[in-house]
Amino acid sequence: MSFVSAIGSYVPRRVVPNSELAPMLGVEAEWIKQVSGIEERCFAAENETLVDLAAAAARNCLAASDSPPVGMLIVSTGTAERRFPAPAARIARALNLGQTPAIDLPMPSAGAVFGIALAHQLVGRYGAVLVVAAEKMSCVALLPGTHPNVSALFGDGAGACLISAERGVARIEDFVLASDGTFEEALQLGFTGPLHMDGRTIIMQAARKIPQSIEELLERNRIRPTDVSAYLLHQANQNLINQVARALHVPQERFFSNIHRYGNTSSASVLIAAADWTSHHGFKTGEHIVMSAFGAGLHWGSILLTGQ
Amino acid sequence: MVDQQARVAAIIQAVAQTSRPVGTTESLFDTGVLDSFALPELVAALEQAFAIKIPDSDLNADTFESVDKITAYIQARS
């Protein structure tokens, strides 16, 4: 058994509205909003590192928790600043976690969901596992050769959640994870860029796989999609979120969205959404919440929570 | 073949909510007949109309680029 003990997030101060980014990309500001729901995103300062983003989100999370000391750190990112070492050990050092084991998940978009699922399995041994997802997408989304339609979508940020064996605001009931390399080339970033996304293929895959993942999770827990109080999805595109709602026959209002403010922050987005949702609504006893994410790999998964 | 092309074109028009004629070789996306987010709805409509299940492994944009390509795919599946 495991619990979400606390959730936190951090986004950089610099807000970049569509009106600022669009002329750089040669597209219309209104068009970005129309095709994605994004109105603005945050970009990190040049001297603000991925580790800075991650550590800030982690501190925000830990400040809200009275759980036992962190026994393990799991970090997901698709925008690590070097091949190795990946950032988990540096983030652990920034958080003064001593020799706490730190695991890297080089997994954009779905990384936070995979990290929480791993933490759920590991809390029995490590007591409390801190899951951090951080992305500095501005470093990769604006690389030469990246299509403007892709560059327009992304923002920087980080999210964190503490998974505890003892107590928390929500119990982790179950999860579903899946991976399929068939379409690995449809969304990829090489060592030097550009960021490539075959958006149509990715939309078709995501629009089918996300609802299937959620349905599988709910069916085996004997919960109907309409019984879920809130869906916290990877904030990839508002139109995709709306499609998932329609596929599940659930009112769109149950699908929390903050993509208009932050854009697609890749693996960080589902935790930033969870942090925002928690501050607005909070977990209520007995309510079911679903987190779900999909991304490059392809990797996707869903987590079922019950408020405590 | 022509009948099936006409059926596919009619389905596309219904999904796109347009009466504009759809050429058999024109790109549905480059010409603006469909946008990316209409694709899942098109796939569902094709599955229902032709009583087929399109597997995840076939869900790539190129297959659904034009009436001709969609028709060829449907025929191969039938």
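Mentor: Gladly, and let us start with contact, which means heavy atoms within 4.5 Å. Helices (H or I, at least four residues) and strands (E, at least two) are DSSP runs, numbered from the N terminus. This is a predicted model, where local features need pLDDT of at least 70, side-chain atom pairs count only at pLDDT 80 or more, and totals for chains, interfaces and linings use all residues. Residues are numbered from 1 along each chain as its sequence is written, chains are lettered from A and ligands numbered from 1 in the order in which they are written, and side-chain values use heavy atoms, with hydrogens and water left out.

Trainee: What covers the buried residues of H1(A)?

Mentor: The cover includes strand E2 (14-17), helix H2 (29-36), strand E3 (40-43) and helix H7 (148-151) of chain A. Buried means under 20% relative accessible area, exposed over 50%, and partly exposed in between (1.4 Å probe, protein chains only). In H1 (residues 18-25) of chain A, the buried residues are Asn18(A), Leu21(A), Ala22(A) and Leu25(A).

Trainee: How do you know that they are on the same side of H1(A)?

Mentor: They cover an arc of only 105 degrees around the axis, so they lie on the same side of H1(A). The arc is that of the directions from the helix axis to the C-beta atoms. Exposed Ser19(A), Pro23(A) and Met24(A) sit on the face turned away from that buried side.

Trainee: Why is Ser302(A) called buried?

Mentor: Its relative accessible area is 0%, and the cut-off is under 20%, so Ser302(A) qualifies as buried. Ser302(A) belongs to strand E14 (residues 299-307) of chain A.

Trainee: What makes the pairing of Ser302(A) and Ser213(A) a polar contact?

Mentor: A polar contact is a pair of N or O atoms within 3.5 Å; within protein, one must be able to donate a hydrogen and the other to accept it, and residues adjacent in sequence count only if both atoms are side-chain atoms. The side chains of Ser302(A) and Ser213(A) are paired at 2.7 Å, and those of Ser302(A) and Ser292(A) at 2.9 Å, so both distances fall within the limit.

Trainee: Why is the pair Glu39(A) and Lys33(A) called a salt bridge?

Mentor: A salt bridge is a side-chain nitrogen of Lys or Arg within 4 Å of a carboxyl oxygen of Asp or Glu. The closest N and O atoms of Glu39(A) and Lys33(A) are 3.8 Å apart, so the pair meets the rule. Glu39(A) is partly exposed, with a relative accessible area of 36%, and Lys33(A) is partly exposed at 36%.

Trainee: How do you know that Arg208(A) and Glu47(B) form a salt bridge?

Mentor: Their closest N and O atoms are 2.9 Å apart, so they too fall within 4 Å. The pair crosses between chains, from helix H8 (residues 199-220) of chain A to helix H2 (residues 39-50) of chain B. Salt bridges that share partners join Arg208(A), Lys209(A), Glu47(B), Lys53(B) and Asp56(B) into one network.

Trainee: How many salt bridges does the rule find across the interface of chain B and chain A?

Mentor: There are three. One of them is Asp56(B) with Lys209(A), at 3.2 Å.

Trainee: What is the area buried between chain B and chain A?

Mentor: About 1400 Å², of which carbon and sulfur atoms give 60%. Buried area is the accessible area (1.4 Å probe) that two parts lose on being put together, summed over both. Phe37(B), Asp56(B) and Leu59(B) supply 48% of the area that chain B buries against chain A.
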